[in-house]
Amino acid sequence: MKLLVHGGAGSAPDEPARRQQILGDAAADGVDAETPIAAVETAVRALEADRRFNAGVGGAVQSDGVVRTDASVMTDDGTAGAACAMAGVEHAVSAARAVATETPHVLLAGDPAVDFASAVGVETDRDLWTDRSREQWDDADPPSTGDPSERLAWVREHFGGHDTVGAVATDGDRLAAATSTGGRWFALAGRVGDVPQLGAGVYADERGGASATGEGEAIARYGLAKEAVRALDRFGPRQAAEEALEGFEADTDGQAGLIVMDHTGHTGSVANTEAMQVASRS
């Protein structure tokens with residue numbers, strides 16, 4: 001098994017050395033899995049459980065004061081699943097994998113997705129707040145009323161940030177990719193970004209796989225992960241990532257990062273943000 005993980009593209013993080021260690025540990029856990037889809041799920045679950053990453057615990061808070069999680073998985077044979085807008089679900093990646101393997105669907109959303117997660121054994125009703133996210137929420141002085149126009153004005157002023165976690169793995173035969181996030185800070189309640197949209201936040205096919213991170217609206221409009229995998233027709237993973245990001249930036253003027261892997265286990269990672277930490281194991 002060969003596995004590459006990322007901890008999100010954005011500003012320089014606090015505790016970068018500790019974050020790098022956690023990324024390495026997550027990759028080490030995942031690389032021992034029996035299949036690529038199990039490898040990416042295992043690695044991403046470790047990151048969802050750590051408050052230092054914007055996925056699961058410590059995820060971004062939406063305008064109604066709720067942390068909602070999104071995730072997606074996809075394999076090279078087209079198996080795909082996603083789950084989004086889930087309150088209280090720490091391991092969104094496990095819910096996404098269950099959608100892929102246990103249902104005839106690609107995407108479940110909102111409270112029904114939470115109910116489904118519970119039914120397949122994914123823990124729900126988790127407290128996803130941390131001391132830091134509570135402080136950030138309080139400092140933003142959210143509106144005390146439910147008036148939509150007042151709340152939208154506040155969202156326009158405060159909405160931002162971009163961070164996600166993801167992984168790509170191959171055993172030389174099969175390949176899988178996964179992405180998970182808490183979204184962007186202070187988005188309208190119910191906002192869903194690129195992560196559960198196949199081809200945007202995640203993509204895999206016979207050429208390889210990719211996981212993207214960054215400004216979700218721009219990534220979704222461009223289809224960043226699929227563009228990176230398409231570029232494997234012409235380039236190796238490193239240059240494919242660079243070409244996809246260059247086109248993305250020219251088209252959207254957005255900020256993003258991505259990891260790419262082909263079936264031989266060759267990898268590439270690139271970002272146009274201040275930082276994006278990655279780790280690999282084989």
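The model we are looking at is a predicted one. The two strands, with strand 3 covering residues 80-87, run antiparallel and are joined by 6 bridges. They make up a hairpin with 4 residues between the strands, and in its turn Gly78 takes a positive phi of about 95°.

Now turn to another partner of strand 2. Strand 6, residues 175-181, also pairs with strand 2 in the antiparallel sense, over 6 bridges. Here you can find Ser72 opposite Thr179.

Stepping back, the protein chain contains 9 helices and 11 strands. Its C-alpha trace spans about 55 × 45 × 35 Å along the principal axes. The radius of gyration is 17 Å, which agrees with a compact globule, because a globule of 282 residues would have a value near 19 Å. Among the 282 residues of the chain, 58% count as buried. Of the contacts with a separation of 6 or more, 69% come from residues 24 or more positions apart.

The accessible surface of the protein chain is about 11,300 Å², and carbon and sulfur atoms account for 42% of it. The chain carries 23 positive and 46 negative charges, whose mean positions lie 1 Å apart.

Conventions:
Residues are numbered from 1 along each chain as its sequence is written. This is a predicted model: local features need pLDDT of at least 70, side-chain atom pairs count only at pLDDT 80 or more; totals for chains, interfaces and linings use all residues. Side-chain values use heavy atoms; hydrogens and water are left out. The radius of gyration is taken over C-alpha atoms; the globule rule is 2.2 Å times the number of residues to the power 0.38. Buried means under 20% relative accessible area, exposed over 50%, partly exposed in between (1.4 Å probe, protein chains only). Contact means heavy atoms within 4.5 Å. Accessible areas come from the Shrake-Rupley method with a 1.4 Å probe; for residues, only the protein chains shown count as cover. Lys and Arg count as positive and Asp and Glu as negative; His and the chain ends are not counted. The place of a charge is taken as NZ of Lys, CZ of Arg, CG of Asp or CD of Glu. Two strands pair if DSSP finds at least two bridges between them.
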